[in-house]
Amino acid sequence: MTTPQTWPHLFEAGTAGSPVLLLLHGTGGDEHDLLPLADRLAPGAGYLAPRGPVQEHGMNRWFRRFGEGVFDVDDVVRRAAELAGFVERARSHYGFGDRQLVAVGFSNGANIALAMALLHPQAAPRTIAFSGMYPLEGRTIDADLSGTAVALFNGTSDAMAPIDSAIRVGSILESRGAEVDRNVREGGHGIHPTEVAGAAAWITSHTKKVRDD
Ligand code: MLT
């Protein structure tokens, strides 16, 4: 079982009642990578930043793949369940109660965030995916996603996260009842400053401050 005691991660409580950002790095990153983004996305928010548990030639990832953009979908399913379990245990371990969790992922981190949004919406009902794509090729999604919201940020010429796949994940999320906010810019893989500003505004409008006593 993956517990907060055994899964390498960072946690910062942030101000009382603020959302908690679940920061999911890209391939080859670690739990420190997205920390500079946290304060720009939601000043004062808490964060939970785990390390991707899969190794690929010494690089941390969130699930196995057979090649660039060709995912081991069984592993995606398994790892999304593990991450959702970790989040729930961290919620009780750190006592962040009913504070809203916002998954924020980049690239491979966006893909595991989207898998979790599609398969385990209760773990993080708010998701921001920078340069993400559809991670569950060949699977039928039957979860009720009403009440969840996802913001997608993609580049039109992203060779690693093709725009068609990003459009597809948005349509599948919507077909199951999620609210989807699509943000498409010119360019390739990455996080642009305008996207950070857009994501920050999205967090403000899609989260509420709660009492956490
Ligand atoms: C990556 O290198 O992270 C890919 O573009 C996306 C993935 O493998 O999930």
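**Salt bridges, cores and a ligand site**

Reader: How do the side chains of Arg65 and Glu68 meet?

Author: Arg65 and Glu68 meet in a salt bridge, 3.4 Å from N to O. Keep in mind that this is a predicted model.

Reader: Which other salt bridge involves Arg65?

Author: Arg65 also pairs with Glu56. That salt bridge is 2.7 Å, N to O.

Reader: How many salt bridges does the structure hold?

Author: There are 15 salt bridges in the structure. Some form a network: Arg64, Asp72, Asp75, Arg78, Arg79 and Glu82 are linked this way.

Reader: What does Arg182 pair with?

Author: Arg182 forms a salt bridge with Glu174. Their closest N and O atoms are 3.2 Å apart. Arg182 is partly exposed at 38% relative accessibility, and Glu174 is partly exposed at 37%.

Reader: Now the ligand. Which residues are around it?

Author: Thr27, Arg61, Phe63, Arg65, Glu68, Phe71, Ser107, Asn108, Asn111 and Met160. Arg65 and Glu68, the salt-bridge pair, are both in that set.

Reader: How far is the side chain of Glu68 from a ligand oxygen?

Author: An N or O atom of the Glu68 side chain is 3.0 Å from an oxygen atom of the ligand. For Arg61, a side-chain N or O atom is 2.8 Å from a ligand oxygen. Asn108 has a polar side-chain atom 2.8 Å from a ligand oxygen.

Reader: How much of the ligand's accessible area does the protein cover?

Author: The protein covers 96% of it. On its own, the ligand has 260 Å² of accessible area.

Reader: Switching to the inside. How many residues are in the largest nonpolar core?

Author: That core has 44 residues. Leu22, Leu24, Leu83, Leu118, Leu136 and Leu173 have the most contacts inside it.

Reader: Which helices and strands supply it with at least two residues each?

Author: Strands 2 (20-24), 8 (101-106) and 10 (149-155) do. So do helices 2 (73-94), 3 (108-119) and 4 (163-175).

Reader: And which residues does Leu24 touch?

Author: Setting aside residues up to four places away in sequence, Leu24 touches Leu34, Pro50, Trp62, Leu83, Ala103, Val104, Gly105, Phe106, Gly109, Ile112 and Ala113.

Reader: How many residues are in the second, separate core?

Author: The second core has 21 residues, including Tyr47, Ala49, Phe130 and Ala151.

Reader: Where does Leu101 lie? Buried or exposed?

Author: Leu101 lies in strand 8. Leu101 is buried, with a relative accessible area of 1%. Beyond four places in sequence, its contacts are Val20, Leu22, Val87, Arg91, Phe96, Ala123, Ala124, Pro125 and Arg126.

Reader: How are Leu101 and Ala124 separated, C-alpha to C-alpha?

Author: Their C-alpha atoms are separated by 5.3 Å, while the two residues are 23 residues apart along the chain.

Reader: Last one, Glu195. Where is it, and is it buried or exposed?

Author: Glu195 is in helix 5, residues 193-206. Glu195 is buried, with a relative accessible area of 4%.

Reader: What is Glu195 in contact with?

Author: Phe130, Phe153, Asn154, Arg185 and Gly190, leaving aside neighbours within four places in sequence. Phe130 is one of the residues in the second core.

Definitions and conventions: Residues are numbered from 1 along each chain as its sequence is written. This is a predicted model: local features need pLDDT of at least 70, side-chain atom pairs count only at pLDDT 80 or more; totals for chains, interfaces and linings use all residues. Side-chain values use heavy atoms; hydrogens and water are left out. A nonpolar core is a set of buried Ala, Val, Leu, Ile, Met, Phe, Trp, Tyr and Cys residues joined through side-chain atoms within 4.5 Å. Buried means under 20% relative accessible area, exposed over 50%, partly exposed in between (1.4 Å probe, protein chains only). Helices (H or I, at least four residues) and strands (E, at least two) are DSSP runs, numbered from the N terminus. Contact means heavy atoms within 4.5 Å. A salt bridge is a side-chain nitrogen of Lys or Arg within 4 Å of a carboxyl oxygen of Asp or Glu. A residue is near a molecule or strand if one of its heavy atoms lies within 4 Å of it. A polar contact is a pair of N or O atoms within 3.5 Å; within protein, one must be able to donate a hydrogen and the other to accept it, and residues adjacent in sequence count only if both atoms are side-chain atoms. Accessible areas come from the Shrake-Rupley method with a 1.4 Å probe; for residues, only the protein chains shown count as cover.
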